[in-house]
Amino acid sequence: MLDWITSIPPWVFIAVIAHLVITGTVAYLILLERKVASWTQDRLGPNRVGPAGLLQPIADGIKMLVKEDYRPRHVDKVLFTLAPAVMMITVIISIATIPWGGSVQKSTIVRIPPDATTQVSRTAVIQAAIPAGATVVREVENRSPLMRYTGELETGHRVEVTYRWPFQIARLDIGVLFILAVLSLAVYGVVIGGWASNNKYSFLGGLRATAQMISYEIPLGLAVIAVVIMFGTLDLLTLVDRQATYWGGWLPAWNVFAQPIAFLLFLICIHAEANRAPFDLAEAEQELVGGYHTEYSSMRFGLFFLAEYAGMITTSAICVALFFGGWHLPYLDKIWPALSGVPNPDGTIATANIGATESILIAIFRAVVLYAKTMVFIFIFMWVRWSLPRFRFDQLMALAWGGLIPISLAVMVVTAIVVFFFGGHREMIPLPTGEFSLGPIPAKMALWLLIANGLLLIGVAIAKKLIPPGPDTNRKVAIPGSRFTNTPLPAGVSPTTTTQTVENVPS
């Protein structure tokens, strides 16, 4: 049994644990949402089921499962059932490339048989001896005297192989592009649900979601491109590793300090991608009853909201990986040197080895750090929902096409110019895959990026002053005879009086 367990690739265990953690988190995010709402509105929130209301998600789940699974007669039966599943599946798939804890480096002795005379056969033997998905970092011929007593020198030779496997489900060279592409497919669940319901309100909700996704995917992608231009790679693991260092020995080399505008653009767009307030136009209750899920009930209805919260986890984790160093916890590596990466044979720590660790416990600790950062951004999601009112649909479109898209284009162009003049001298770091990537962002380049962002903000402020304002659609209009107009106070009541009681006010 032990041999069978050790033969299972590490990514299988990571996939199982990651999905269990995320699904469990999704359940309790509903409780957190209600607690944040109660905190914002100065009330208690759920506090009856279990100690301090901690069992409320279980009660909500049971309620969803036992409620009547009602399906109207006029719906498309297949698509009606498929829509919530599409949303949930796309969100689950999207977590595959999240870099939870860097990479784990190990060494093993591999026996090369005498018939492995070619490089291809030798490579095949080594790949069969290391975990699936691992990449070889170094091969050293092992000629220790102990091998003479085993008799294996006559039948072949041994090689000490150092390999790394990523502490994530799947490492893709196009990891960022993969996540953006998969998350964009979630809108198909909304559109299919709106169409299959055969309800005008649901259909309008699906149309709104489509227009919103098309509009906000553009600035979202351009904000990501600005980061990709800086590092020359789409691999999320490499992007995080290159941020796990310091500028000037004290400031974390996180992209948020070099690209604050790109971060704000990304943060706004992931709110729109998740259909969260103030971007929840697809389900505006005051206008569309419930939008695309008006006709849904029971667990079909629940899957829509589980997918929404799971999407919040994924997009928040990507935001952390792109702009906040992923698993990197500043200054703790100075106290705990094991977090600084794998040292070279000469004792120095190379830039290419920052993300690698020889301890699985450190990789798990890094995953906890990334998870904690992700929860901070999920709280921001909820904080924004209960703080800002919903946009009108024309305001939603104007924000994207008249504001975010031009600014994101300018950020991308400015980043390309700064990288061209100040980033060309960076060292090319070899990757375990045999490819090369640009090294960490130099402090001089980060400073110029920050200055360029400041100048861009000044330009946006000047442009806003120069462009004549449009019609004030929210202007106040006086309505004669309305009870909402200013009326004189009753006789004897002063505007500054705070202790006057109702009984003392003349009728």
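1. In this note, Ala, Val, Leu, Ile, Met, Phe, Trp, Tyr, Cys and Pro count as nonpolar, Asp, Glu, Lys and Arg as charged, and the others, Gly among them, as polar. By that division, the lining of the largest pocket has 14 nonpolar, 5 polar and 12 charged residues.

2. The model is predicted: local features need pLDDT of at least 70, side-chain atom pairs count only at pLDDT 80 or more, and totals for chains, interfaces and linings use all residues. Residues are numbered from 1 along each chain as its sequence is written, and side-chain values use heavy atoms, with hydrogens and water left out.

3. On confidence, pLDDT (the predictor's confidence in each residue, from 0 to 100) has a mean of 81 over the protein, and 83% of the residues reach 70 or more. Two segments call for caution in reading. Over residues 145–155 pLDDT stays under 50, and the model has 12 contacts there beyond four places in sequence, a contact being heavy atoms within 4.5 Å. Over residues 497–507 pLDDT also stays under 50, with 7 such contacts.

4. The secondary structure comes to 19 helices and 8 strands; helices (H or I, at least four residues) and strands (E, at least two) are DSSP runs, numbered from the N terminus. Of the 507 residues, 45% are buried, where buried means under 20% relative accessible area, exposed over 50%, and partly exposed in between (1.4 Å probe, protein chains only). Among contacts with a separation of 6 or more, 77% are between residues 24 or more positions apart.

5. The largest pocket has a volume of about 830 Å³. On a 1 Å grid over the protein atoms alone, a pocket is an open set of points with protein on both sides within 12 Å along at least five of seven lines, while a cavity is a set where a 1.4 Å probe fits but cannot get out; lining residues have an atom within 4 Å of a point. Grid points are joined across faces, edges and corners, and a volume is the space filled by probe spheres set on the points. Of the 31 residues lining the largest pocket, Ile30, Phe301, Phe305, Tyr309 and Arg385 are the closest to its centre. Helix H15 (298–323) gives the largest share of this lining, 7 residues.

6. Arg276 is found in the loop between H13 and H14. Arg276 counts as buried because its relative accessible area is 1%. Its side chain forms a polar contact of 3.0 Å with that of Glu308; a polar contact is a pair of N or O atoms within 3.5 Å, and within protein one must be able to donate a hydrogen and the other to accept it, while residues adjacent in sequence count only if both atoms are side-chain atoms. Beyond four places in sequence, the contacts of Arg276 include Glu33, Tyr309 and Arg385.

7. Thr233 lies in the loop between H10 and helix H11 (236–241), and Thr233 is buried because its relative accessibility is 13%. The side chain of Thr233 reaches the backbone nitrogen of Asp235 at 3.1 Å. Thr233 and Val176 are 57 residues apart along the chain, with 9.2 Å between their C-alpha atoms.
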